[in-house]
Amino acid sequence: MKNKTLVIGPVTKDVIITQDDKYNQIGGAVYYQTNTLNQLNIPTTSIITIGKNDLELVDNFTNTNNVKKIITDNTMEYINIYDENNVRTQKAKWYNNLITLEKFKEFNINLNEYKTAIFSPLSPNDFSYELIKHIKEHNLETVLVIQGYLRKINKNNDIQKNKLKNPKKLLKYIDIISLDDNEMKIAFNLKEISTPKVHEIIEKYNLKTIIMTKGEDGSVIYTKDNSVEIPIIKSEKQVDFTGLGDTYIASYIAKKYDTDSNRIAAYFASIVSSHKLETKGPVKINRNIVEKELKKIIK
């Protein structure tokens, strides 16, 4: 089975501030997705941007041999602040660390070996369109974790939501979009989210799937002809929300390699995400445990 996965995006230096704690750690969607895929036994190659003075951060990846580094002057920085309701506000420092097609080609990656590519921007300027086009033209399934394209930064380094610019051009080479319900409204200028409206969006931009998480309300998987609602799998404790959406999409992709069912893949992703929530950093649960829990739910 062809299941080799490519994950592309910046890593970050994160500060996490909750009601009870404050700590520093490596961050970035690509970090959480890569470690989740590795934990679920999916062969994965990551292409990251990272500052020249922060190369030791790569040691936090579970398979450093498959992490390809684009070394820049600075590493992107994020401060994630969670209130008593676990609502996040963010501050950030962005740098001009564009991942271009030319830089990608320096790694001599044989795209014919890969099934899926996950693009994980944290700002609107992390990828060139030529790179996305090039990868799609090699017949990979392309996944866009859209959050970075919906952000702007003010003079105080506060992250603010911003509408999606030129969606027709951006989504031309994308098969799957991953986002939360708030990002869905912002990206497509929706006052309310309805299944018919999402189906219109899928048709308009020729997408295969939109994967939308809804916090405590679970998630929904939309395709051209269908939608599947998945309830949240509750965690015994809630320790770290950072990277939760990235854990979900990586787990969903991992399970789709051995099932045609969006419902089964989404339940699998929900289970993995519930375990991730119980620990700081990326998920550490064994896949066999997840599969056993999934069988109980599916029955």
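Helices α8 and α9 are oblique to each other, packing at an angle of about 125 degrees with their axes 10 Å apart. This comes from a predicted model, so here is a friendly tour of what that model shows.

**The α8–α9 pair**

- Helix α9 spans residues 287–298, and α8 passes α9 in a right-handed crossing.
- On the α8 side, the contact is made by R263, I264, Y267, F268, I271, V272 and H275.
- Facing them from α9 are R287, V290, E291, E293, L294, I297 and I298.
- Sorted by class, the residues of this α8–α9 contact are nine nonpolar, one polar and four charged.

**The α7–α8 pair**

- Helix α7 covers residues 244–256 and helix α8 covers residues 262–276; their axes come within 8 Å and cross at roughly 140 degrees.
- That angle makes α7 oblique to α8.
- The crossing of α7 past α8 is right-handed.
- From α7, the contact draws on L244, T247, Y248, S251, Y252, K255 and K256.
- From α8, the contact residues are N262, I264, A265, A266, F268, A269, S270, V272, S273 and K276.
- The contact of α7 with α8 holds nine nonpolar, five polar and three charged residues.

- Strand β1 (residues 5–10) has six of its six residues buried, so β1 is largely enclosed by the rest of the structure.
- Side chains in a regular strand alternate between the two faces of the sheet.
- In β1, T5, V7 and G9 point one way while L6, I8 and P10 point the other way, and all are buried.
- β1 pairs with strand β4 (residues 44–51) in the parallel sense over six bridges, and the bridge partner of P10 in β4 is T49.
- β1 also runs parallel to β8, to which four bridges join it; there, T5 stands opposite T116.

**Helices lying across the strands**

**Helix α1**

- Helix α1 (residues 29–39) is mostly covered, with ten of its eleven residues buried.
- The buried residues of α1 are A29, V30, Y31, Y32, Q33, T34, N35, T36, L37 and N38.
- After α1 comes N41, with a positive phi near 65 degrees.

**Loop residues to look at**

- I146 sits in the loop between β9 and β10 (151–153), and its 0% relative accessibility makes it count as buried.
- Leaving aside residues up to four places away in sequence, I146 touches L164, I177, S178 and L179.
- I146 and F119 are 27 residues apart along the chain, and their C-alpha atoms are separated by 8.3 Å.
- N189 belongs to the loop between α5 and α6 (195–204); although N189 is not a glycine, its phi is positive, about 55 degrees.
- N189 is exposed, with a relative accessible area of 71%.
- N206 lies in the loop between α6 and β13, and its phi is near 55 degrees, a positive value in a residue other than glycine.
- N206 is exposed, with a relative accessible area of 53%.

Key
Residues are numbered from 1 along each chain as its sequence is written. This is a predicted model: local features need pLDDT of at least 70, side-chain atom pairs count only at pLDDT 80 or more; totals for chains, interfaces and linings use all residues. Side-chain values use heavy atoms; hydrogens and water are left out. Axes are lines fitted to C-alpha atoms, for helices over the stretch in contact, and angles run from 0 to 180 degrees between N-to-C directions. Helices (H or I, at least four residues) and strands (E, at least two) are DSSP runs, numbered from the N terminus. Angles under 35 degrees count as roughly parallel, over 145 as roughly antiparallel, 65 to 115 as roughly perpendicular and the rest as oblique. A crossing is left-handed if the near helix is turned anticlockwise from the far one by less than a right angle, and right-handed if clockwise. Contact means heavy atoms within 4.5 Å. Ala, Val, Leu, Ile, Met, Phe, Trp, Tyr, Cys and Pro count as nonpolar, Asp, Glu, Lys and Arg as charged, and the others, Gly among them, as polar. Buried means under 20% relative accessible area, exposed over 50%, partly exposed in between (1.4 Å probe, protein chains only). Two strands pair if DSSP finds at least two bridges between them.
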